[in-house]
Amino acid sequence: MSHIAELPPRDMIAPDADGGSFLRGFVGSAVLLLAIDAVEPLFFGPGYFSGLTYHPFWIVILLAAVQHGLFVGLSVVGLATLLMDWPARPLGVDITAHYADVATAPAQWLLVALVVGLYRQHQLRQERVVRQAADRLQQVNQTLTDEIRRLDAYVVQTERMVAIAGSAPNSA
């Protein structure tokens with residue numbers, strides 16, 4: 001009889017072997033960030049987005065974290081921070097207060113990408129566990145199917161041998 005493999009323990013589940021998922025998510029998000037960054041001076045003028053309550057990079061960061069998980073979300077936050085239009089310090093404003101005000105949006109992006117990304121990473125891990133369990137069950141199903149076919153062939157062969165033995169003239 002064939003051996004049925006055991007399901008690996010939960011903590012032994014390996015992450016996706018291909019880095020293509022991360023790369024695909026990061027490149028897609030980077031293209032969106034670059035498009036938004038290019039649109040600002042063309043249609044609105046330089047520095048327009050920095051004056052908005054919610055920077056348009058928010059949507060890209062949220063999409064990256066929700067679709068691809070923690071690592072893509074945090075990477076996109078880093079890229080968005082680099083691409084952000086940093087306003088010049090106005091005269092009479094303390095440099096510490098200015099940098100604290102400017103760093104508020106990237107800090108919020110980081111916090112949201114961390115929380116949403118961790119939650120999504122947990123979901124992705126659970127989906128991978130379910131997929132692996134389904135693959136294992138398909139292997140078990142295939143093993144049982146092969147075993148049933150083998151036993152059916154054995155039964156047919158045995159019935160033939162009994163039928164041949166029963167129809168043969170007795171030599172005694």
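Analyst: Ring pairs join Phe44, Tyr48 and Phe49 into a cluster. The model is a predicted one.

User: How many aromatic pairs are there in the whole structure?

Analyst: The search finds 5 aromatic pairs. One of them is formed by Phe57 and Trp109.

User: Why is the pair of Phe57 and Trp109 called tilted?

Analyst: The ring centres are 6.0 Å apart, and pairing requires centres within 6.5 Å. The planes of Phe57 and Trp109 stand at 55 degrees. Stacked needs under 30 degrees and edge-to-face needs over 60, so the pair is tilted.

User: What makes this pair a tie between parts of the chain?

Analyst: Phe57 belongs to helix α2 (residues 57-68), while Trp109 belongs to helix α5 (residues 104-167). The parts they tie together are therefore 52 residues apart in sequence.

User: How do you know whether Phe57 and Trp109 are buried or exposed?

Analyst: Buried means under 20% relative accessible area. Phe57 has 2% and Trp109 has 0%, so both count as buried.

User: What surrounds Phe57, leaving aside its neighbours within four places in sequence?

Analyst: Phe57 is in contact with Leu33, Ile36, Asp37, Ala80, Leu83, Met84 and Trp109. Phe57 and Trp109 are also among the residues with the most contacts inside the largest nonpolar core, as are Leu33, Ile61, Val76 and Ala80. That core has 18 residues. Helices α1, α2, α3 (70-83) and α5 each supply at least two residues of this core.

User: Why is Phe44 called partly exposed?

Analyst: Phe44 has 44% relative accessibility. Buried would need under 20% and exposed over 50%, so Phe44 is partly exposed. Phe44 lies in helix α1 (residues 20-44).

User: Which residues form the nonpolar patch on the surface?

Analyst: The patch consists of Val39, Leu42, Phe43, Phe44, Tyr48 and Leu52. Together they have about 610 Å² of accessible area. Phe44 and Tyr48 also belong to the ring cluster with Phe49.

User: What makes Arg120 and Glu127 a salt bridge?

Analyst: Their closest N and O atoms are 3.5 Å apart, and the limit is 4 Å. Arg120 and Glu127 therefore form a salt bridge. Arg120 is buried at 18% relative accessibility, whereas Glu127 is partly exposed at 37%.

User: How many salt bridges does the structure hold, and where is another one?

Analyst: The structure holds 2 salt bridges. Arg150 forms one with Glu147, with the closest N and O atoms 2.6 Å apart. Since Arg150 and Glu147 are 3 residues apart in helix α5, about one helical turn separates them.

User: Why do Arg150 and Glu147 get the labels they have for accessibility?

Analyst: Glu147, at 11% relative accessibility, falls under the 20% cut-off and so counts as buried. Arg150 has 46%, which lies between 20% and 50%, so Arg150 is partly exposed.

User: What can be said of the protein chain as a whole?

Analyst: The protein chain has 5 helices and 0 strands, and the order from the N terminus is α-α-α-α-α. Of its 172 residues, 23% are buried. Among contacts between residues at least 6 apart in sequence, 74% join residues at least 24 apart. The accessible surface comes to about 12200 Å², and 65% of this belongs to carbon and sulfur atoms.

Key. Residues are numbered from 1 along each chain as its sequence is written. This is a predicted model: local features need pLDDT of at least 70, side-chain atom pairs count only at pLDDT 80 or more; totals for chains, interfaces and linings use all residues. Side-chain values use heavy atoms; hydrogens and water are left out. Helices (H or I, at least four residues) and strands (E, at least two) are DSSP runs, numbered from the N terminus. Buried means under 20% relative accessible area, exposed over 50%, partly exposed in between (1.4 Å probe, protein chains only). A salt bridge is a side-chain nitrogen of Lys or Arg within 4 Å of a carboxyl oxygen of Asp or Glu. Contact means heavy atoms within 4.5 Å. Accessible areas come from the Shrake-Rupley method with a 1.4 Å probe; for residues, only the protein chains shown count as cover. Patches are made of residues with over 30% relative accessible area and no salt bridge: like charges are joined within 9 Å, nonpolar side chains (Val, Leu, Ile, Met, Phe, Trp, Tyr) within 5 Å. A nonpolar core is a set of buried Ala, Val, Leu, Ile, Met, Phe, Trp, Tyr and Cys residues joined through side-chain atoms within 4.5 Å.
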